[in-house]
Amino acid sequence: YARELVSFFERYVNVICERYKNKVKYWITFNEIDSIIRHPYTTGGLVKDRFAGMNFEEVCYQAMHHQFVASAKAVKIAHDKYPHFKIGNMSIFAAKYPNTCNPDDVLLCQKRMRDMNWFCSDIQVRGYYPCYAKRFFEENNIQIVKDSGDDKILRDGKVDFYTFSYYMSACESADPDIVEQAGGNIIGGIRNPYLKSSDWGWQIDSKGLRYSLNEIYDRYQIPLMVVENGLGAFDRLEEDGSIHDTYRIDYLRQHIRQMAEAVKDGVDLMGYTPWGWIDVVSASTGEMAKRYGFVYVKKYDDGAGDLDRLKKDSFFWYKNVIESNGENLD
């Protein structure tokens, strides 16, 4: 929230860019920068109680503005000092569909897409606040305090490529009864009856990734990269130490196939990294039971376990995927 954090970040950027200038070419400024609105403490260090009497939503957007400025300054530092560097943003992308062809559903879906998916990247890719932000700020009594040079900093600090995490999609309905009755994903919204769901209720939508890639590329026309994509699931450890996670293999296989379709559509897709390599505590639920990795870690929600590591079936499958550059998905 404090403006002084921008200068701290500048100092950090200068140090790590110089340290790794001969080892790293591609950089991302902030991971899931849009998360500060949904998770202000874990991603922005903002504790609501400390801002008693203030519009906390305004506080979050002010902090986000400082992140935009810090990100743009990082881009400028890299471009000026290390011209071989390429700098990207990183956002959560939550594909949204209208629940029906009712214009109210369509308009709400458009609004959700702007709020959740386009706001941050419009600023980081285009270099200025989008037109729809003005109405949103007015209707929510939000006033962003800018320094005199901030608009120029944003214009001069546009990213070179766009990266995002993709896990799911959801539908949007303007009907309050449907919203009240239906369950949704962590991103909110209405369940899609045409899709299956994970053990935790996240809707599995590989074609939504193709749709998302096309929408993003049509909007920005810069290289894209999927830097998070995976399936949180209950994994069963067999007596012989094997873990047959065919469901994870199928999930990744279908998403990779849809990325290939997006490339055929004309999308400039520069890379893909799944989440994740090894089981860790799930950030969304705080559980070890919700496992994403190719490597099983013997650690459990009750604290038991010796942290031993075992390769799942998906480990060997993805090894072949990497070796074939995505051609061998069997």
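**Close-up views of a predicted model**

View 1. Y61, F68, F119, Y129, F136 and F137 form one aromatic cluster. Residue numbers start from 1 along each chain as its sequence is written, and the side-chain values use heavy atoms, without hydrogens and water. The model is predicted, so local features need pLDDT of at least 70 and side-chain atom pairs count only at pLDDT 80 or more, while totals for chains, interfaces and linings use all residues. Rings of Phe, Tyr and Trp (its six-membered ring) pair if their centres lie within 6.5 Å; planes under 30 degrees apart count as stacked, over 60 as edge-to-face and the rest as tilted. The largest cavity is lined by Y61, R114, D115, F119, Y132, A133 and F136. Y61, F119 and F136 also belong to the aromatic cluster.

View 2. The structure holds three cavities of 30 Å³ or more. On a 1 Å grid over the protein atoms alone, a cavity is a set of points where a 1.4 Å probe fits but cannot get out; a pocket is an open set with protein on both sides within 12 Å along at least five of seven lines; lining residues have an atom within 4 Å of a point. Grid points are joined across faces, edges and corners, and a volume is the space filled by probe spheres set on the points. Helices α5 (103-126) and α6 (132-139) each give at least two residues to the lining of the largest cavity. Helices (H or I, at least four residues) and strands (E, at least two) are DSSP runs, numbered from the N terminus. Five lining residues of the largest cavity are nonpolar, none is polar and two are charged. Ala, Val, Leu, Ile, Met, Phe, Trp, Tyr, Cys and Pro count as nonpolar; Asp, Glu, Lys and Arg count as charged; the others, Gly among them, count as polar.

**View 3. A stacked pair, F9 and F30.** The whole structure has 30 aromatic pairs. In one of them, the ring centres of F9 and F30 lie 4.6 Å apart with planes at 20°, so the pair is stacked. F9 sits in helix α1 (residues 4-19) and F30 in the loop between β1 (26-28) and α2 (35-38), so the pair ties together parts 21 residues apart in sequence. F9 is buried, at a relative accessible area of 15%. F30 is also buried, at 15% relative accessibility. Buried means under 20% relative accessible area, exposed over 50%, partly exposed in between (1.4 Å probe, protein chains only).

View 4. The ring centres of Y167 and W202 are 5.8 Å apart and the planes stand at 80°, so the pair is edge-to-face. Y167 lies in the loop between β4 (161-165) and β5 (169-172), and W202 in the loop between β6 (196-197) and β7 (203-204), 35 residues apart. Both Y167 and W202 are buried. Both also line the second largest cavity, along with S198, Q203, I204, G230, L231, G232, Y251 and Y292. The volume of the second largest cavity is about 60 Å³. Its lining has six nonpolar, four polar and no charged residues.

**View 5. Strand β8 between its pairing partners.** β8 (residues 224-228) pairs with β9 (residues 269-272) in the parallel sense over three bridges. β8 also pairs with β4 in the parallel sense, over four bridges. Two strands pair if DSSP finds at least two bridges between them. L224 stands opposite L269 in β9. M225 in β8 is the bridge partner of T163. M225 also has a bridge partner in β9, G271. Five of the five residues of β8 are buried, so the strand is largely enclosed by the rest of the structure. β8, helix α10 (residues 246-265) and β9 make a right-handed β-α-β unit. A crossover is right-handed if, with the strands pointing away from the viewer, the path from the first strand over the helix to the second runs clockwise.

**View 6. The largest pocket.** Its volume is about 760 Å³. Of the 29 lining residues, E32, S35, H39, I92 and A283 are the closest to the centre. α2 and α3 (40-44) are the elements that give two or more residues to this lining. The largest share, three residues, comes from α2. By class, the lining of the largest pocket has 17 nonpolar, nine polar and three charged residues.

**View 7. The second largest pocket.** This pocket has a volume of about 480 Å³. It is lined by 16 residues, and I256, M259, N325, G326 and E327 lie nearest its centre. α10, β9 and α11 (313-323) are the elements that give two or more residues to the lining. α10 supplies the largest share, five residues. The lining divides into eleven nonpolar, three polar and two charged residues.
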